[in-house]
Amino acid sequence: MAEKCFYCTNNIEERQTHTVSFITSNQERDETLCSECYQEWLHGIKE
């Protein structure tokens with residue numbers, strides 16, 4: 001079963017998943033991003 005991207009909700013092929021951690025309200029949670037959204041996320045944390 002394909003996972004869905006946390007941001008765009010598109011299905012992701014297993015080899016193209018990227019897991020990132022978010023901390024909100026002192027709680028850490030892992031979310032899965034597709035390659036395109038992951039690249040945008042990386043760009044956003046570099047600025």
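Colleague: Leaving aside neighbours within four places in sequence, which residues is Cys 37 in contact with?

Modeller: Happy to start there, with the reminder that this is a predicted model. Contact here means heavy atoms within 4.5 Å. With neighbours up to four places away in sequence set aside, the partners of Cys 37 are Cys 5, Tyr 7 and Cys 8.

Colleague: How many disulfides does the count come to?

Modeller: A disulfide needs two cysteine sulfur atoms within 2.5 Å. For Cys 8, the closest cysteine sulfur is in Cys 5 at 3.7 Å, which is too far for a bond. Cys 34 is in no disulfide either, its nearest cysteine sulfur being that of Cys 37, 3.7 Å away. The count of disulfides is therefore, with the 2.5 Å limit, 0.

Colleague: Is Cys 34 buried or exposed?

Modeller: The cut-off for buried is under 20% relative accessible area. Cys 8, at 27%, is partly exposed. Cys 34 has a relative accessibility of 14%, so the label for this residue is buried.

Colleague: On to the rings: what kind of aromatic pair do Phe 6 and Tyr 7 form?

Modeller: The search of the whole structure gives 4 aromatic pairs. In the pair of Phe 6 and Tyr 7, the centres are 5.4 Å apart and the planes make an angle of 55°. Planes under 30 degrees apart would count as stacked and over 60 as edge-to-face. With 55° between the planes, the pair of Phe 6 and Tyr 7 is tilted.

Colleague: And what kind of pair do Tyr 7 and Phe 22 form?

Modeller: Here the ring centres of Tyr 7 and Phe 22 lie 6.3 Å apart. Their planes are at 90°, so the pair is edge-to-face.

Colleague: How many residues apart in sequence are the parts that this pair ties together?

Modeller: Tyr 7 sits in the loop between strand 1 (3-4) and strand 2 (11-12), while Phe 22 is in strand 3 (residues 18-24). Ring pairs also bring in Phe 6, giving a cluster of Phe 6, Tyr 7 and Phe 22. As for the parts joined by Tyr 7 and Phe 22, their separation in sequence is 15 residues.

Colleague: Is Tyr 7 buried, partly exposed or exposed?

Modeller: Phe 6 is partly exposed at 32%. Tyr 7 has a relative accessible area of 45%, and that makes this residue partly exposed.

Colleague: Which residue forms a salt bridge with Glu 31?

Modeller: There are 2 salt bridges by count. One of them joins Arg 15 and Glu 13, with the closest N and O atoms 3.4 Å apart; Arg 15 is exposed at 74% and Glu 13 partly exposed at 47%. Glu 31 is buried, with 19% relative accessibility. Its closest N and O atoms to the partner are 2.8 Å apart, and that partner is Arg 29.

Colleague: Which residues does Thr 17 touch, not counting those up to four places away in sequence?

Modeller: Thr 17 lies in the loop between strand 2 and strand 3 and is partly exposed, at 23%. Its C-alpha atom is 12 Å from that of Asp 30, 13 residues apart along the chain. Under the stated exclusion, Thr 17 touches Glu 3, Ile 12, Thr 32 and Leu 33.

Colleague: Last one: what pattern does the protein chain follow, read along the sequence?

Modeller: The protein chain contains 1 helix and 4 strands. Its C-alpha trace spans about 30 × 25 × 15 Å along the principal axes, and buried residues make up 19% of its 47 residues. Read along the sequence, the pattern is β-β-β-β-α.

Technical notes
Residues numbered from 1 in each chain as written. Predicted model: local features only at pLDDT ≥ 70, side-chain atom pairs only at ≥ 80, totals over all residues. Heavy atoms only, no water. Buried < 20%, exposed > 50% of the residue type's maximum accessible area, 1.4 Å probe, protein only. Phe/Tyr/Trp six-rings, centres within 6.5 Å; stacked < 30°, edge-to-face > 60°. Helix = DSSP H or I, 4+ residues; strand = E, 2+ residues; numbered from the N terminus. Salt bridge = Lys/Arg side-chain N within 4 Å of Asp/Glu carboxyl O.
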